[in-house]
Amino acid sequence: MAAMRALITGITGFIGSHLAEYGLERGAEVWGLRRSWRSRMDNVAEFEDSVRWVDANLTDAHAVMRAVAEAEAEIIFHLGAESFVASSWASPAATIHANVLGTLHVLEAARATGWPRVVIAGSSEEYGLVQPDELPITEAQPLRPLSPYAVSKVAADLFGAQFHASYGLPVVRLRVFNTTGRRRGEVFMTSSFAKQVVEAEKRHASGRPATILVGNLDAVRDLTDVRDVVRAYWLAAEGGQPGEVYNICSGIGFSVREVLEILLGLSGVPVTVSTESTRFRPADVPRLIGDPSKAARELRWKAEIPIRQTLADLLDYWRQRL
């Protein structure tokens, strides 16, 4: 039986690189879409030679069409996006351009080149303003986005739904809650904390005091290990119902303060915690806790790796890097 052929946009990013590894381990033929002049290859360096590469900017419709046609994939995992919520406030037009047009171009290319199954990476940020009595969040929750990034992901999500409803394109949408693990970018909360803790360990070892800079510690997030998340992507590709949307989450909420306390407890290093105004967003979602029961029921998926293990692995990752 021929190996499944999968094309991953955003393959050089955090989740995309883990998804590529997972696919290769399963014997899939993995194709990666990259911007050859810009994509950093650090995350895929260990298995770069095992991936077949196509070059395109997602905002270039003709280049995306060529890349999708060349790959002839059975599955397109569309993860390519501007993914940092905070930067979307500074560059809202760029975020909309990349995330909405990029998704539209992938869907048009899929429709024109053989109708592969498309799995779209959405975000829990789409839910936005959630009232306390609306937790845990189901897929039926109204979308009230609170950032330009979230608006862009809502538009991409709805384009996926529209292409299925209008053309019958087999699109499965995932709304992925906060994900962390090895290779998470240091601008993101868990990785920023882990890196600062490891730097504090080094300073403490040389007898110097250490300070960790933080933003809003009261926000509550549903955190899932990236290794569990990429398993969900694959299950969605194999068995997700076209046209449907699935929350990918643990169903357990942790405040940002609790995450920091776990990391400090795992390290044992004494630090001073200092709040920095630049680390606050203009608007922040107070609580995001998802209901994973639909994914459990239809995809046979659930998060399995406990948060302490994930954070311990993240600390080890930064110890190796620093």
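Student: How do you know at what angle the axes of helix α8 and helix α10 cross?

Tutor: This is a predicted model, in which local features need pLDDT of at least 70 and side-chain atom pairs pLDDT 80 or more, while totals for chains, interfaces and linings use all residues. Residues are numbered from 1 along each chain as its sequence is written, and side-chain values use heavy atoms, without hydrogens and water. Axes are lines fitted to C-alpha atoms, for helices over the stretch in contact, and angles run from 0 to 180 degrees between N-to-C directions. On that basis the axes of α8 (residues 256–267) and α10 (residues 307–321) cross at roughly 60 degrees and come within 10 Å. Helices (H or I, at least four residues) and strands (E, at least two) are DSSP runs, numbered from the N terminus.

Student: What makes the crossing of α8 and α10 left-handed or right-handed?

Tutor: The near helix is turned from the far one by less than a right angle, anticlockwise for left-handed and clockwise for right-handed. α8 passes α10 in a right-handed crossing.

Student: Which residues in α8 and α10 meet?

Tutor: With contact meaning heavy atoms within 4.5 Å, V259, I262, L263, L266 and S267 in α8 meet I307, R308, L311, A312, L315 and R319 in α10. This contact has eight nonpolar, one polar and two charged residues. Nonpolar covers Ala, Val, Leu, Ile, Met, Phe, Trp, Tyr, Cys and Pro; charged covers Asp, Glu, Lys and Arg; the others, Gly among them, are polar.

Student: Why is the aromatic pair of F84 and F188 called edge-to-face?

Tutor: Rings of Phe, Tyr and Trp (its six-membered ring) pair if their centres lie within 6.5 Å, and planes under 30 degrees apart count as stacked, over 60 as edge-to-face and the rest as tilted. F84 and F188 have 5.3 Å centre to centre and 70 degrees between the planes, so the pair is edge-to-face. F84 lies in the loop between β4 (75–78) and α3 (85–90) and F188 in the loop between β7 (179–180) and α6 (189–205), so the pair ties together parts 104 residues apart in sequence.

Student: What makes a space a cavity, and which residues line the largest cavity?

Tutor: On a 1 Å grid over the protein atoms alone, a cavity is a set of points where a 1.4 Å probe fits but cannot get out; lining residues have an atom within 4 Å of a point. The largest cavity is lined by H78, G80, A81, N99, T103, I120, A121, K153 and A156.

Notes:
1 Å grid on protein atoms, 1.4 Å probe; cavity = no way out; pocket = protein on both sides within 12 Å on 5 of 7 lines; lining within 4 Å.
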